[in-house]
Amino acid sequence: MASDPQMLANQRIVEDLASRLRRRQVVGSRQAALETLLVLRQVVSRARFSNVDQLVDVIRSVGRRLVDAQPKGRAHSFLYEYADFNHGSFITGTSEHSVGNTVRKVLHHIREEYHTATEGSTPAPAPTFSIAKFVSQGQPRKQQTVQKNDAAKVPLKENDPDDPDSFARTLKPVLMEAIQDVFDELETVYDNISKNAKDHIHSDEIILTLGKSKTVESFLKAAAHHRNYTVIVAETAPSFVFSSFHDHGLTRHFTRYGGREMAKSLSSAGISTFLVPDSSIYALMSRVNKVILGAHAILANGGMFATSGALLAATAARAYSTPVVVCAGQFKLTPLWNLYHEYGALDFGDPSSVLGFEEGDLVDKVDVVNPYYDYVQPELLDAFITNYGDHPPSSIYRLLKETYDDEDNEL
Amino acid sequence: MSDFEIFETYQRLLKNEELSTPLAAILALTEMIEQSRAGTMFELVKELKDGAEELNLKSPNPISLNAGCELFIEFITLFPHPSANFSELKTELIRQGQQYVVEALTYRKKIAELAFDFIKDDSVILTHSYSRVVMQTLLMAHRRKRISVFVTEARPRGLGIKTAEKLRAVGIPCSVVLDSAVAYAIDKVDFVLVGSEAVVESGGLINAVGSNQIAIIAKAANKPFYALAESYKFHRLFPLSQYDLPSHNPKLLSFTQPRPPGMSLKTQSNNASEVNPHQINQEQIAQNNPDVDYTRPDLISLVFSDVGSLTPEGVSQYLVGMFAG
Amino acid sequence: MAPKSSAGKEKLLGDEDEVLQAVILADSFNKRFRPLTTRKPRCLLPICNAPLLDWTFESLALAGVQEIFVICRSHAEQVKSTIAESRWSKPGSGIKIMPIMTAKETFSPGDAMRDIYTRGLVTGDFVLVMGDLVSNVKINEVVKAHKERRKTNKDAIMTMVVKESGSRHRTRPTGNSSVFVIDSETSECLHYEPVMGYPPTKVAGIPREILAEHPEVEIRNDLIDCSIDICSVEVPSLFQDNFDYLDIRRDFVHGVLTSDLLMKNIYCYVAKEGYAARVQDTKSYQSISKDILSRWTFPLVPDNNHPAGDVYEHRRGNKYIAKDGSVVLARTSRIGNNCLIGPSTQVSEDVQITSSVIGRNCVIGSGSIIDNSYIFDGTIIGAGCVVEHSIVGAGVEIRENSRVGKGCLVGDGVVIGPEAVLERFEKLSKKRETGDDGEQEDEEEDVDSEEEEIEANQEDSIKAQLGSDCNAIVWPREAPDEDEDEEGVENYKNQRFLRLGLAFSTPSTSFFFCATGDDASDLEFTDEGSLSSDEDSDSSDEDSDSDANFTTLPTSSATSLTLENSTIVAASDAVAESEFRAEVEQSLERAFAEGHSVDNAAVELKTLRMASNVPLSRVRESVVSAIVEKIQIVEGGGVPQRQEIAKVINRWGPLIDKIGGVDAVETVSILQTHCATSERLPLFAQILVALYQADIVEEVDMRRWHALPSSKGAGEEPGPRRDGMKKCWDVGAALLEQLSQQESDSDEDSEGDDDDGDDDEEEEDEEEELRRGPRRIEQLSIIK
């Protein structure tokens, strides 16, 4: 089917990204999403296929490879797949969910483009009915696509034996455009989330935030153009900040007190900012009007993973009935449910930021636990602000359904 | 009208240990189609509806049965029938019904696999009464994980004991707790896993009585409460309280009027052995109490079904898909 | 089709034009892991269920290395085929790995470096690591710093990566650590001293110039030497030029830093972030396993980036259980914190596992206790066994109710038990099957000969202890004799510090810096208790509570001292000299051991002398004493002893005159002084005669020496030394007398004088014999 050099080239870039993910050389969900998209773009541009299923298979296999490469990144989906039981064992955890999410999103777009392109050119296959299908897909009427005859469409011929590439040739430009759309969306994600910032933050409010999140940072800065308000930043010791920069072709990250950087950045943007230790969050909460948090991943049940400390802030906010608002790009929507059951899902870093390695005496006697994330239950959250509008936690599953195709939840 | 006895057919089918009530009802209805002499779709649907009504009236606990009947009838109503040949259509419908039952028998395994992923190694599970799908899940989990199970006794029928016996037979450590001891035991429990009679449109759960209080206790103790439900148990019902359930009747939980002393016991049975008129026996209690109760959706963490693990809200999406529009 | 295929790779390289190369010395050049390493190279031993070499590769990949040369020696074929089959050879790994098979004669890292030079492997700055490295240090940043430095200072040839650890860190090798003297400002390494546990290094000398030239220095003994060196191309060639460099630290670094001729600089990079350590002995094997499990090596942890590609589930308490669902844990088994359990392993009822690593496909029988032990793949442990602080190889079978004591190493394929009892620090390996394939045997000849020897020496009593079905041979717990003269760290007694099973809290070396008076720069390593107590625990293995003896001494974990010039009286001469002596001794030992030519040895001594700036007499002292000590004492003396002396003197005597000046009188004086306090005192006369016969010492010189007042022991304090001096002088007197008599004899012969004929005749014989060979010396020695 596909020629070897192409396959090899694909394999190489996929493996390269896979190992960089594993080595934590690509860190941060947006960064990971961007890198994934770059890989997918190359894969699609090189792929040879004569029908859409072949293409979907290629992309899924790439996605599977990337997700599997992060042993913690593979989790069980919420929609049941007819997986062999032997493979169905519990695999869960998290490193960069956005990788899988991006793949799902691209697949969704590809199918969409395909359907638009094939509309009318191929007669819709006679729908088959069964009760099972009825249950899972609802009333049959809704599936029947209105037959539209658009003669102007270029005829798309799948599985053309004479010219197996014709399908790919016709479809590819559209697909590349679709991928570009996803790309553009990622590029503008911060702006789109921030555009309504002034509706969420009012003058003279006191906002509490935690650690450093690029999304929250741009959100707060955008609001500062219109409003005069105060931010309290908890330093989230010894949190991890993924300030990525390129060095020798590798993306590097440094681990620092995220809150400090955040406070610096906000105050330099002219926002009145206080930096407080994490332990004072509860004490300050009575004066806080709103808690704004970033997320690492938004889960299907409306809960989320966020920098450790987020649970503390959210719980304190609940005690004072302070609203908790989460700012996150849509690429963080993850069609997974059960991550919070798993201890390992919190992704534990090395203990060195908690206990110095030079404390030789203690190292041997103390087990240090240094989780990256907190799981915050949906009950503790009030709203998600995404680049696709604002949503309560309970409608996240709906958003997921619109964003991804069910069959891709398990790559 | 045919001489087809739908309730007897239903009873016969239920003898098959594997068949749950909704499936038995669907099979009974397919047999009804077979026997039916209806010449039009309209007549057929009417016959089926009557049959369903008969089943409903005759069975003691018709809720999940209703769910099955409704599903099947709704399916038939919406089934596109372009061909003019009505007998062909009937054959097709019969085939569909039977095929679905065969397929539906695999749902328990699917659900078990789905729920399996939520069971951690070394967990302690609390379950309620007896449920085939819960059993299957626990047995599957036992093969690969170390689990221990608390089972409530589940008065009045005491089906929890059956669960405990079966679990012990395969070597799962198991302990029966009194229904009244759930709050005592809950701190030792990692999560609650129950089966269901039906899952209703609100996402709430109808299950053997006691489920509701377990869910309330679990909520109070911050333990996840999972329900297992095959998708044919999704029931288009929107109860707002316990007393909105079709199973509720005024006799349940009625207060017995204290009899003035000296009055003869005419109203009671003519049982000669009766000695103390104020004595209350278990049977009386059972009669005066509900078989099932309704658990509010906000107490349920997740519903595992063959269509996926759903939040309680997610269930309504499927019901709307089938019945609305 | 192919034109764009390299696009990804180009992007990967980024703006870096040069490919970052690394050289892995995949041979340990020592035998610390034997018998585990009899059939497998150390770098393929698993740690946390992945071969060491894979950890090293992953460590390097993490740092952005793109090309790796693996220098392998022992079991080279195995290493090569393992690499070929590993995922590293698959496309997309992003790393090119080339195994280099070096000759069997490569006995030291130095030889390997020379091999690298002759093969011309490296083209630019490269990373030199050992095949047992586990690290997440960002080496590429060190490389960048190194290159930056090279731009201004061409002589900065090497940057060593060291990690701050505190002196009592479990990962810091106690028997084999180092003192680094580092310029605080430039982080130039000014001086390097190896530190050993046995004999305890008590003093580390620092050349005075260092303190004079650098206003602020750090003298640190709290660093883990990660053996990650960023080397410039010159480094292999320096090895080539200095053929006597064996060890990279003890010889090369120390040599370069102390040499006035080379004028090269070496820098240290004290890694603040990241983790790096070497699995260089069984003790560090244990501590690094623990470090990996407690995630110090993140992202190199089993649940994220396991080098062997296994997938593990991380559970509360740093327990890692293989995730493919193949692990069977019995309900009543208890897995403690910090454990790793490999795929397809079965853990039966009532088993307790604490802080241990269990390989793949293992079976742990019911009721067994595994504590702090490392069990490789496919091992079966029967019911009711106890395994503590030990390493158990692959495919081992420990039958029921056996007990494996602390510190045991059980080689691959061994079967012991039932009811076997292994004492502490026992080492077992599988008996070789008869008819082993000959090829293998040839290849590993030296290894097998030792194994054979051990096999031959098996005692039946031990066998009985190991159970009826045992197929194991027991390795001697004391080192074979020939090991005694193994230098430095490989010394058996020092090795004991590097063993698994010692209490980790062992504060074996404490570090004092005395800043008073003349001793200002003495570095003293008190070793109170630690060695002796270790000895205790060793000699009496029942002494279970050995750690109780370890005295806890105050240690300075970060010994960064700002030295003010006023308090520093500079390094005293004594220190410089003693250091020089040690150097010379080492140099000569090497020369002796490796059979250098006299000329070569002399050149080396000259270099040393220049570097240390010591008077010639000191060199002579060292040389003479080294030669004397080289002579072995033969029981019963007699002819064999004389032959021994003659052999040594004839071989090495000429060296005395080649060190840069001839002063035979001094030579004799030194010989005397040395012998006076040495156990070789009885040999003084014979040696002197041998020197005389080798024409190193003339009669005139002897007479002059004899006339010196100091030779009689004048000015000496009364005591054994003085007595010894006196004895020597007496012997010398007798010898001279004989010589003069003989001379007069010959005169008489020529003159026909026949005064006291009988006597003379006798003397004549003697004289002749003296000239012919040292047979009569026995008599001479009696005279004393």
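Helices here are DSSP runs of H or I with at least four residues, strands are runs of E with at least two, and both are numbered from the N terminus. What you see is a predicted model, in which local features need pLDDT of at least 70, side-chain atom pairs count only at pLDDT 80 or more, and totals for chains, interfaces and linings use all residues. Residues are numbered from 1 along each chain as its sequence is written, while chains are lettered from A and ligands numbered from 1 in the order in which they are written.

I start with Val619(C), which sits in helix α17 of chain C. A residue is buried if 20 or more other C-beta atoms lie within 10 Å of its own, exposed if 12 or fewer, and partly exposed in between, with C-beta atoms placed from the backbone. Val619(C) has 23 C-beta neighbours inside 10 Å, so it counts as buried. Two residues are in contact if their C-beta atoms, placed from the backbone, lie within 7 Å. Neighbours within four places in sequence aside, the contacts of Val619(C) are Val584(C), Leu605(C), Arg609(C), Val614(C) and Ile659(C). Of these, Arg609(C) is 10 residues away in sequence and 7.1 Å away in space, C-alpha to C-alpha.

Next, how is α17(C) oriented against α18(C)? Axes are lines fitted to C-alpha atoms, for helices over the stretch in contact, and angles run from 0 to 180 degrees between N-to-C directions. The axes of α17 (residues 616-630) and α18 (residues 638-656) of chain C come within 10 Å and cross at roughly 175 degrees. The two helices, α17(C) and α18(C), are therefore roughly antiparallel, a label for angles over 145 degrees. On the α17(C) side, Arg620(C), Val623(C), Val624(C), Ile627(C) and Lys630(C) take part, and they meet Val648(C), Trp652(C), Leu655(C) and Ile656(C) of α18(C).

Now chain B. Its helix α12 (residues 312-323) has 12 residues, which at 1.5 Å a residue should span 16 Å; the end C-alpha atoms are 18 Å apart, which agrees. The expected span is 1.5 Å times one less than the number of residues. Buried residues in α12(B) include Pro312(B), Tyr318(B) and Met322(B).

Last, chain A. It has 14 helices and 13 strands. Of its 411 residues, 49% count as buried. Among contacts in chain A between residues at least 6 apart in sequence, 76% join residues at least 24 apart.

Notes: Parallel < 35°, antiparallel > 145°, perpendicular 65-115°, else oblique.
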